[in-house]
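Trainee: Please take one part of this structure and look at it closely. I would like a connected account.

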Amino acid sequence: MTGKDLILICGALLVSISAPAHHNPAAHYLVDERMQITGVVTEFRAVNPHARIYFNAVNAEGAQEAWMAEGDSIINLRRAGWTDDQLKPGDRIRILGRPSRTGSNLVEWTFITLPNGTEVGGGNGQQGERLRIIEARLEEFRQQRGQ
Amino acid sequence: MKIVVNPIRALSIRAALGRFHRLILAGAAIAVSCLGCLTLGVRFSEAQEVLPSAFEGIWSTTVTAITHPDWTIDDLFACNCTRETYEYLDQLLHDPANDHLSAADIQQAIRGRNLAAIEGLFTETAKEYALTYDHADDPSIQCEYFGAFRTVLHNDPILIEQYEDHISIKGEDMTSDRIIYTDGRSHPENETPSPLGHSIGWYEGSTLVVETINVSANIAEDNLPIHNSDEASSIERYTRSEDGSRLHMEFTLIDPVMFNEPLVLERTRLLTPEVDLLDAPCESISGEF
């Protein structure tokens, strides 16, 4: 079970907002589109400007393809608690992210789901996690203001 | 079209402008300072005597310290925003009529308003450039360090160290370390523009003022987006809150090639002594795989 699903969807996580870590994602990705893909990690590279995950995924024809996913800078990932061996060869992951603008086997991840169901963020600018925190603080602020 | 202004032409223009250019800078600094330092409901000190180490420390933005408990709700939506954008944010957050808006709605609205405010100041050259610029041409993707303005406007933590005759501002990975001379020297004359340009600083009450000139054409902020020509100069005004925990920055970009008026952006950082500046190798990105 794997493969790629290109999904054009709307919603809080899909809004092109805020400031990525270093570069505008439009450099290499379709910022208003999202895809999901499942694969097996072959290498995790703890580098700047963006950490990278190399992985293999099976396409719709059943053939294995090599892919690369980009996330936040390793500096910001470390600050968020990631380690340089956060992902290991053989780890099976599901990625939600932005597809390549050139059709390459590239994805800019927003969220990664591990085999045990744990969702880790770590995407460019960690916007997904940040938005959840801001949403919670906003709700708290509105409740306090209403009291 | 690239913003590659002929250095010879730029230098001759700068030489011709001479004192007039300085007057523009001084006028812009005075004008923007009149906007006040009462920002986001937090009081910033203008009248106190500055302490020798008033600005020292590691200062973070919400991008790298989002969970810090001292951020206000306004801070969490802040960006490199114009004053008009912050006023709009204030309405969105504090008027209960807007309570149907999600955080994502507000972020998107703020971003749109900020972009409109910035693009409203674009010259024809800037408009033309924006239409043809490709984000894939960003040189930092190939691990080239940021220039002065992008370093100032970037999200990563900064370490400020104050010395008798200069101030050092260090950042992380793609940003460039800056030296700001505070020994009373003037800018060098007829110097070729460089990515970091030349910065001098002085104190006005408890505000640190930094003037930077001779910056080469570059990306000043890629997400807004802002690009500068090599005729650009800037004024940064840093003010610390009365309790010392917050650093408010007002950044004025004066660039007659790209902006019809000085562009003024504001942002607040928190003092985060628990944060360390980190480093890691850079590997360029091709966009292909």
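Mentor: Start with Leu253(B). Setting aside neighbours within four places in sequence, Leu253(B) is in contact with Phe149(B), Ala220(B), Asn228(B), Ala232(B), Ser234(B), Phe259(B), Pro262(B) and Leu263(B). Contact means that the C-beta atoms of two residues, placed from the backbone, lie within 7 Å. This is a predicted model: local features need pLDDT of at least 70, side-chain atom pairs count only at pLDDT 80 or more, and totals for chains, interfaces and linings use all residues. Residues are numbered from 1 along each chain as its sequence is written, with chains lettered from A and ligands numbered from 1 in the order in which they are written.

Leu253(B) and Phe149(B) have the most contacts inside the largest nonpolar core, which has 52 residues. Such a core is a set of buried Ala, Val, Leu, Ile, Met, Phe, Trp, Tyr and Cys residues joined through C-beta atoms within 7 Å. Buried means 20 or more other C-beta atoms within 10 Å of the residue's own, all placed from the backbone. Another core, of 16 residues, lies apart from it; Phe55(A), Ala57(A), Met68(A) and Ile95(A) are among them.

Now widen the view to chain B. Of its 289 residues, 45% count as buried. Contacts between residues 24 or more positions apart make up 65% of those in chain B with a separation of 6 or more. Chain B has seven helices and 11 strands. These are DSSP runs, numbered from the N terminus: helices are H or I, at least four residues, and strands are E, at least two.

Chain B also touches chain A. That contact takes 34 residues from chain B and 38 residues from chain A.

Notes: A residue is buried if 20 or more other C-beta atoms lie within 10 Å of its own, exposed if 12 or fewer, and partly exposed in between; C-beta atoms are placed from the backbone.
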